[in-house]
Amino acid sequence: MAHAAHPAGGKPGTPGDSVTVPGQAGGAPAPGPQAHPKTVLEAAEINRALTRIAHEIIERTHGAEHVVLLGIPTRGVPLAERMAARITGVEGRQVPHGSLDITMYRDDLRLRPARRLGPTEVPAEGIDGKTVVLVDDVLYSGRTVRAALDALNDLGRPLAVQLAVLVDRGHRELPIRADYVGKNLPTSQAEVVRVLLTETDGEDAVLLEPVGTEPRPRRGGVTGRRR
Amino acid sequence: MNRHLISAADLSKQDALLILDTAEELAQVADRPIKKLPTLRGRTVVNLFFEDSTRTRISFEAAAKRLSADVINFAVKGSSVAKGESLKDTALTLEAMGADAVVVRHSASGAPLRLSNWLRGSVINAGDGSHEHPTQALLDAFTIRRRFGRGDGEALDGLRVTIVGDVLHSRVARSNVWLLHLLGAEVALVAPPTLLPVAIDDWPCSVSYDLDAALPKSDVVMMLRIQQERMNAAYFPSVREYSRRYGLDTARVGQLPEDAIVMHPGPMNRGVEIAAEVADSPRSTIVEQVANGVSVRMAVLYLLLGGREVAQ
């Protein structure tokens, strides 16, 4: 996902600004479930979640010997880097990590103007015969992960592909699940999960806020406008 | 970005950098086992070439195919154009066939602009007369940026580019002057007075007639082809004299700063504007320019066609 905010994370046909909040349809005067951004994960909790995921990866892959961590830009990339550092800390061996941009594989390209591409950096050893762990910040519709699987297919033939996410917020639209989850966060589709990371945003936090309050995404959004 | 790419002068600095940055990412596709992206699946790109071309047409074709677009090569010879069909009727035929983009080369300056008024799809200028060749300028800028080790988002500020030769007939020169100036480079033209266009004073560049004086102050030398096919008068006394005064030979290359590069948009007249040893030297980027052309044209096609469909 190229955005911090996930109002309609790669979901075509869900205009972000005209969502009816479930349970509120009767014109109830009460504000939405969260009128203000609510912090659902603080820096220390993000830290612990990543450490736990790193240990789970080591356990599930028997020492993470043939593992390659590929983060999905923007925020999956620093997450993959942090997980790799933690695995190195435990196992004492370098874990190859990189980034995998999925823009060219999205299923909603024709719904918006052309987007700026993110970086794709695959470690020199490649992905053939490796266990690739895809890393993203939020798992929502599953469409980003589907695109990532297509992108991987063009890069080589991994032994296995696994998925690690910091937040799983539900509302899947495809048969996709995560192997490693930092936090399962029940959300309504009228909410936005915003992940902030020190590398990209200056601080670590996961926020939950109602749709429509998010500032414009910093990048990845509006490029290639047509006159 | 605009829906069409007709002129380098239409681009904003932001657009130009977006194209170069996108090309930088797309260049990686060439190193992959599967050199293909699914992005333009189901889109049709028509190559409409009224003039001869090797590298530009093949380059656009390769770029469109790497993005999974369907490519129709429209060869004017053997088509109804040979029977006298007008540009407009050809355009309407392409429109009816559902072309999403038309890549056009024409001997008349302004033909792509006219075409863009008749078509709903995007029009990409692949060279019109002696007017413009914007994708060539973009790939030259891309090549310069790479050679001087500048990365994403960086422009060409402070680099001195000298363009030498037949500026009068060169669409490459005009596009390059505008684009390189936009990106912050200092552009100088060196040519015999007979091979400079009339309104040269309005171009954002300096002009001189002395190549030897310009070389020590050049980070990039771009040699232009002598376009014999467009020359209907004597622009210089003899090819030999032109070559003596404006040809780039080994001795002249010696006057260049140490890390300077030599460019040529091709096709070259070896021994006229550029000596064979110079064209094949490590300073020469001529082969790189061809490879970079595919990446830059992929970026242009993606940015024009990859997003939301053109409003009907």
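Two residues are in contact if their C-beta atoms, placed from the backbone, lie within 7 Å. The structure described here is a predicted model, in which local features need pLDDT of at least 70, side-chain atom pairs count only at pLDDT 80 or more, and totals for chains, interfaces and linings use all residues. Residues are numbered from 1 along each chain as its sequence is written, while chains are lettered from A and ligands numbered from 1 in the order in which they are written.

**A pair of helices in chain B**

Helices (H or I, at least four residues) and strands (E, at least two) are DSSP runs, numbered from the N terminus. In chain B, helix α5 (residues 134-147) packs against helix α6 (residues 171-182) at an angle of about 55 degrees, and their axes are 8 Å apart. α5(B) is therefore oblique to α6(B), a word for angles that are not under 35 degrees (roughly parallel), over 145 (roughly antiparallel) or 65 to 115 (roughly perpendicular). The axes are lines fitted to C-alpha atoms, for helices over the stretch in contact, and angles run from 0 to 180 degrees between N-to-C directions.

The table lists the residues that meet.

| Helix | Residues in the contact |
|---|---|
| α5(B) | B:Pro134, B:Gln136, B:Ala137, B:Leu138, B:Asp140, B:Ala141 |
| α6(B) | B:Val172, B:Ser175, B:Asn176, B:Leu179, B:Leu180 |

By class, this contact of α5(B) with α6(B) has seven nonpolar residues, three polar and one charged. Here Ala, Val, Leu, Ile, Met, Phe, Trp, Tyr, Cys and Pro count as nonpolar, Asp, Glu, Lys and Arg as charged, and the others, Gly among them, as polar.

**The sheet of chain B**

Chain B also holds an open sheet of five strands in the order β7-β6-β5-β8-β9, with parallel pairing. Two strands pair if DSSP finds at least two bridges between them. At the edges are β7 (206-208) and β9 (261-263) of chain B, each of which pairs on one side only. Strand β8 (residues 220-223) of chain B is joined to β9(B) in the parallel sense over three bridges, and B:Val220 stands opposite B:Ile261 in β9(B).

**The two chains together**

Between the chains, 20 residues of chain B are in contact with 21 residues of chain A. On the side of chain B that touches chain A, α1 (13-26) and α11 (286-305) of chain B each supply at least two residues. The most comes from α1(B), with three residues.

Chain A itself has four helices and eight strands.
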